[in-house]
Structure formats: structure tokens, C-alpha cells
Amino acid sequence: MIYCYLVLLSTIIVSNALIQTTPRQCNTIRRHNSISTATSSTALYQWNNNKKTTQSQTTSINGSSVDLFKTLELKDEALMQAQTAVSSLESALESAVTNLENLQQQLQMQVIQLEEDLDNTKDELGSTQLELEATKAELQNTQEELAQSLEEINQLELALQSSELAAQRAAELEVTIQEMKDRGFSDENTVPVNLTPVKKDATDKPWLIFAGNQKVLPVLNEWIAIKGTNEGEVQISGKVTNHPSIPDGDAIVTSPLMDADQAVEKKIVTTLSGSKYRLGIAMTMPASDSASQQITSQKKTKKKPQSLVNARSSITLPDLSGNTLGNGKYLLAGEATSSINGRSYIQTAYRASPLGKAVGDPLAIKYSSNTEAMKREVANYQKVERALKRGSFIKRVEFLPLAGSEMPDKSAIVMERGVADVKAFMPKVGGKLEGELLMDCALTALRCVEALHSVRLVWNDLKTENFVVIEDQKGGVSFKGIDLESAMPVKNAPVDYTPEACPPEFATSFLDGEAESFSLEYSYDVWSFGMFLYEISTGRGFFDGISAQRITEQLPTFEPNLIKVTDPLLSDIISQCLSPNPKDRPSLSRIFKHPYFADSQKNPFDFLFGQ
């Protein structure tokens with residue numbers, strides 16, 4: 001195609017050159033013709049006079065005619081060449097047009113094919129979307145079925161627990177009947193046992209109030225006898241079951257016993273208030289391998305140092321149960337302990353070696369079917385860990401969104417293992433904390449609350465059960481916070497509550513049926529901290545032995561009696577924290593600056609970094 005265009009262009013240039021030359025030659029011919037015509041006319045008149053001149057002119061005319069013919073021949077040849085070039089150009093153009101038409105047809109065919117492909121793709125996408133919607137619907141149905149299955153599993157677990165509890169009651173009843181036979185039914189402490197099981201209301205409310213009116217003899221397990229407030233008094237601290245108003249597994253401290261000699265396993269004890277308890281398995285306290293510690297008071301008083309002979313908080317480590325978690329990654333040991341609210345379980349565990357042997361220090365695993373609560377707890381831990389003020393919380397090892405094939409419906413948190421919580425630890429050191437133990441525990445709790453508030457979280461579950469004792473190799477102890485499942489952002493509503501730790505304003509809201517719209521404030525935790533200080537310094541909570549419902553009813557008009565708090569500075573800060581009006585409670589910075597805490601901090605900047 002390009003070659004044709006070049007030939008055509010060359011031809012046109014030559015043609016133009018020839019055409020531009022021909023007019024000049026024609027003008028010469030016309031000039032010669034004019035001269036010849038004039039000469040001819042003159043010759044006619046002068047023919048006879050000058051024949052020789054006529055012949056000369058005739059010769060000139062003949063020469064001009066020859067030039068004209070040659071010029072015309074050149075013109076014809078140029079025109080023929082031009083026509084040939086035009087014909088070639090026309091052929092080239094026709095060929096180009098033909099090629100363009102063919103190309104256009106091909107493009108049209110491709111467009112038509114693309115349109116068909118696009119229509120087919122749209123149809124396929126429509127079909128795929130319908131299939132996705134159908135799959136989504138099936139997935140939702142599967143999730144609903146799974147949720148229903150999990151609910152059925154939970155019900156079966158509850159039924160299994162009820163069966164185990166019934167078996168335990170049957171065994172206890174058998175022991176009681178045997179004792180009654182041995183005593184000839186004459187023991188004054190023997191009381192009728194109501195075999196009717198306790199009926200508990202089931203509800204989806206997170207702040208379930210346990211209630212029951214049946215007269216069932218409560219049983220205390222993992223119990224220990226502790227000194228009472230007055231000289232010679234003995235009380236029992238342990239975990240209660242079968243109580244008509246206190247949830248199973250709650251740790252309580254009884255009123256002083258009428259007869260301390262009856263504090264023996266499988267015996268029934270009566271308190272001065274008239275309550276009766278059957279004593280189950282007592283808590284074991286192995287002797288310490290380390291030397292005794294002398295812990296002095298943080299105040300320079302005349303009081304003698306507190307001697308902690310055999311005050312270790314550790315208990316005998318349980319044996320491996322043969323069960324695993326995390327697809328064999330962890331070996332479980334001992335029995336699982338239910339939390340107070342019954343929604344999760346805690347169990348000792350060890351890392352498993354490639355050969356399936358227990359390696360490393362013992363760990364604690366918390367597992368629950370309430371995956372959302374477990375995720376919230378881990379997220380709360382992570383918020384605190386990223387903050388400048390980190391407090392002193394338990395060290396997490398791993399979070400398992402799926403606890404493994406062993407418990408596919410549960411999530412698990414693997415963490416550092418504490419040897420006891422503070423409530424269970426106090427009976428081992430004389431029933432309460434004193435001196436540096438008291439100060440360390442109080443500051444640990446205060447720094448944990450400060451860490452949560454720094455990331456705009458309200459704990460709303462600060463209590464002695466949520467602090468564990470960590471023992472080092474030399475027998476020293478420290479305290480760490482646990483269980484951030486209930487922590488919620490400030491201004492949000494709580495997801496659950498502990499009556500002993502909640503302030504009067506929440507109790508009022510709860511009694512008015514407005515608990516779900518209650519707005520959490522930082523002052524909530526300040527009240528809980530005041531209750532915490534009172535319990536660790538006296539060994540007893542204000543509401544020990546009182547049902548959750550009665551606590552909630554008494555809180556709106558509660559007035560703390562701090563006569564048992566002997567330290568005036570400590571009594572003052574507790575009184576401020578327990579102000580009925582939330583606006584009157586001190587901020588955390590004011591608490592840190594209070595004389596009770598200000599003089600005890602070795603480094604005033606420690607609390608900034610959670611040390």
C-alpha cells in the first residue's frame with residue numbers, strides 16, 4: 001500500500017513538470033503561427049515581386065509545424081502516464097477501501113461476540129449471586145442449628161452437673177444416715193435434710209439473682225478455720241454449695257461458731273447467728289520449703305512484725321487427668337473449677353512435649369462456651385498492654401478462639417497460674433492482710449484500676465476473687481489482677497455485676513428495672529476499691545454470708561461501719577471511696593496522693609509504668 005502511494009506521488013510530480021513546460025512551447029507555436037500568417041499575407045501581395053522571400057518563409061512555417069507535433073506527442077505521453085498513475089491510485093484506493101470494509105466487518109463481528117460474552121457473563125454472575133444467596137441462607141440455617149445444638153449441649157452439661165451434684169448429695173446423705181445410726185439419732189446437731197432439689201430460675205439476664213426458699217443444709221468444701229474478730233472466736237472460710245441464696249462455688253466466711261471443736265470434716269457446725277453448715281473436704285496446706293518471712297507494717301508503730309510461718313499460698317499441684325486441650329498442645333490436670341457466675345471454668349494445665357509429657361511451669365486455662373465474652377476479655381487485656389499505665393495483670397500465654405477438637409464449642413485463654421486468689425489466701429495468713437502484704441495488695445488493685453481507666457474502661461468487677469497470689473521460688477508473694485470479662489467502656493451499660501462490688505446507684509437502678517440502661521462511670525470502680533480495702537484489711541466483707549438479693553436491697557441505704565479498721569488513714573480513704581454520692585468519691589489521682597498511700601511508694605513514678 002505504501003509503495004503504491006510513493007509511485008503515484010512520483011508520477012504526479014513528473015506530470016506537473018511536463019504540464020508546466022507544455023504551455024511555454026504552445027506560446028512559441030502561437031507566436032510562430034501569427035508570424036507565419038502575417039508573412040503569408042504579405043507574400044500573397046508581393047508574390048510576384050519577391051519569390052525568394054516567400055520560399056524562405058515557407059521553410060520557417062514547416063519547421064514550426066514539426067516542433068508543434070513533437071510537443072503534442074510529449075503532452076499525450078504525459079497525459080497517458082498521468083492517467084496510468086490515476087488508475088493505479090484508484091486501484092490502490094479501492095484496495096484500501098476493501099481492506100477497511102473487511103476490517104470493519106471483523107470489528108463488528110468481534111463487538112457482537114464481546115456483547116454475547118458479556119451477556120453470558122452477566123447471566124453467570126446472576127446465577128452465581130443466586131447460588132451465593134442460597135448458600136448464605138443455608139449457612140444461616142446451619143448457624144442457627146449449631147447455636148441450638150450448643151444450647152442443647154449446655155443443657156446436657158447442666159443436667160450432668162445436676163446429676164453429679166445429686167450423686168454427691170446422695171453420698172452425703174448416706175454418710176449422714178450412717179452417723180445418725182451410729183449416734184442413735186441423739187446428736188443435737190443432726191437436722192432433717194430436705195431431699196427436694198433447689199430450684200433455680202433460669203434467665204438470660206447477665207445479673208441473675210440466685211434465689212430459693214427451700215431449707216437445704218449448705219456444705220462447705222475447701223474450708224479452713226480462721227480466727228474471729230474477738231478473742232477465742234473461730235470462723236469457717238470455704239466454698240459453699242447447696243445454699244438457698246448463695247450460688248454454688250462462692251467463697252464465704254461464716255459467723256463465729258458456737259462450738260469450735262465441731263470444726264471437723266463431715267461434721268455439722270452451728271454459728272452464733274443460728275446458721276448450720278456441713279463441713280466437707282478441708283483445704284490442704286503443705287508446709288513451706290522456704291524460710292519463714294518477717295513482714296513489717298508500713299507504718300512506724302509499736303506493733304510487732306507479722307510472722308508468716310508456713311504462710312505460703314501454694315497448694316499441692318493436681319495430677320494429670322489424662323485429658324488435653326488445644327489439639328493435644330496442653331495437658332489438663334486436676335478438676336475444673338467453675339467460676340462464680342458459672343459461665344466459665346478454670347483448670348491447671350501443662351505444655352505438652354512432642355512425646356506427650358508435661359513440661360514447664362504449671363499454667364491456668366480458662367475456657368467457656370461464651371466466645372464473645374472471651375474475645376472481649378482478651379481485647380481488654382490487649383488495650384491495657386498497649387497503654388502507658390499497664391497495671392499488674394496476669395500474664396497471658398495464648399488465646400484459643402477454638403479450644404481444639406477436645407472442646408470444639410469453647411474458647412480458651414491460657415495464662416500464668418496463680419496459686420490462690422486473695423480471698424482464699426487471707427485465711428492462710430491469719431485471716432486478713434497486714435503490713436507490706438496489705439499495702440502491696442492495695443497498690444496492685446489501685447494500679448490495675450488506673451490502667452483500665454487510662455484506656456476508658458470501667459472494671460465493674462473489682463473484688464478479692466479477681467486478684468491472685470503469685471509465688472516466687474524464694475517463697476515471696478505478689479498480687480496480680482485477673483478476669484477482665486466484665487470490663488466495659490465508660491458510659492456503656494454493664495454486662496453483669498457482683499452485688500458485693502457494685503455501688504448504691506447501680507443497685508437503685510437494678511431495683512427500678514433500669515439496669516440495662518445504667519451508664520458506667522469511673523466512680524463505680526472507686527466504690528468497689530473501698531469495699532476491697534475494707535475486706536483485705538479486716539478479713540471480712542461488709543456483706544459476707546448475705547444473699548445477693550438482700551445485698552442489692554440494702555445498698556441504696558447502706559452506711560459503712562469502719563470501727564474494725566484500726567488505721568485512721570486507711571479508715572479515712574475507705575470512707576471517702578464509699579461515699580453514697582458518686583460525685584463525692586475521690587479520683588484515682590487523689591487516692592494516690594492520700595497520706596495512706598503517698599508515703600508507701602518507694603518510687604513515685606512506678607505507677608506510670610505499671611511497676
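**Figure 1. The buried residues of helix α6 pack against helices α7 and α8 (548-554).** Helix α6 spans residues 504-511, and Pro-504, Phe-506, Ala-507, Ser-509 and Phe-510 in this helix are buried (buried means under 20% relative accessible area, exposed over 50%, and partly exposed in between, with a 1.4 Å probe and protein chains only). The model is predicted, so local features need pLDDT of at least 70 and side-chain atom pairs count only at pLDDT 80 or more, whereas totals for chains, interfaces and linings use all residues. Residues are numbered from 1 along each chain as its sequence is written, and side-chain values use heavy atoms, with hydrogens and water left out. Helices (H or I, at least four residues) and strands (E, at least two) are DSSP runs, numbered from the N terminus. After α6 comes Gly-513, which has a positive phi near 75°.

**Figure 2. Helices α5 and α7 pack against each other.** Helix α5 covers residues 435-454 and helix α7 covers residues 522-538; the angle between them is about 170° and their axes lie 11 Å apart. The two helices are therefore roughly antiparallel (angles over 145 degrees count as roughly antiparallel, under 35 as roughly parallel, 65 to 115 as roughly perpendicular, and the rest as oblique). Axes are lines fitted to C-alpha atoms, for helices over the stretch in contact, and angles run from 0 to 180 degrees between N-to-C directions. On the α5 side, the contact is made by Leu-438, Cys-441, Ala-442, Ala-445, Leu-446, Val-449 and His-453 (contact means heavy atoms within 4.5 Å). On the α7 side, Tyr-522, Asp-525, Phe-529, Phe-532, Leu-533, Ile-536 and Ser-537 take part. Sorted by class, the contact of α5 with α7 has 11 nonpolar, two polar and one charged residues (Ala, Val, Leu, Ile, Met, Phe, Trp, Tyr, Cys and Pro count as nonpolar, Asp, Glu, Lys and Arg as charged, and the others, Gly among them, as polar).

**Figure 3. His-453 is a residue of helix α5.** His-453 has a relative accessible area of 12%, and therefore counts as buried. Apart from neighbours within four places in sequence, His-453 is in contact with Tyr-522, Asp-525 and Leu-588.

**Figure 4. Leu-433 belongs to the largest nonpolar core.** This core has 75 residues, of which Leu-433, Phe-529, Ile-536 and Phe-597 touch the most other members (a nonpolar core is a set of buried Ala, Val, Leu, Ile, Met, Phe, Trp, Tyr and Cys residues joined through side-chain atoms within 4.5 Å). Helix α5 gives the most to the core, with 12 residues. Not counting residues up to four places away in sequence, Leu-433 touches Val-422, Phe-425, Met-426, Leu-438, Cys-441, Phe-479, Ile-536 and Ser-537. A second, separate core holds 13 residues, including Leu-325, Leu-332, Met-407 and Val-414.

**Figure 5. Six strands form an open sheet with antiparallel pairing.** The strand order is β8-β9-β10-β11-β13-β12 (two strands pair if DSSP finds at least two bridges between them). Strands β8 and β12 (396-400) are the edge strands, each pairing on one side only. On average, neighbouring strands of this sheet are turned by 35° against each other, direction ignored. Helix α3 (residues 371-385) packs on the sheet and touches β11 (358-368), β12 and β13 (411-416). The direction of α3 makes about 145° with that of β12.

**Figure 6. Strand β9 pairs with β8 and with β10.** Strands β8 (residues 320-325) and β9 (residues 330-338) are antiparallel and share three bridges. Opposite Leu-320 stands Ala-333 in β9, and opposite Leu-325 stands Tyr-330 in β9. The hairpin of β8 and β9 has four residues between the strands, and Gly-326 takes a positive phi near 70° there. Strand β10 (residues 345-352) pairs with β9 in the antiparallel sense over six bridges. Arg-351 in β10 is the bridge partner of Tyr-330.

**Figure 7. Ile-268 lies in strand β4 (residues 268-270).** Ile-268 counts as buried because its relative accessible area is 9%. The C-alpha atoms of Ile-268 and Leu-279 are 6.2 Å apart, while the two residues are 11 residues apart in sequence.

**Figure 8. Gly-545 lies in the loop between α7 and α8.** Gly-545 counts as partly exposed because its relative accessibility is 39%. The C-alpha atom of Gly-545 is separated by 9.8 Å from that of Ser-275, and the two residues are 270 residues apart along the chain.
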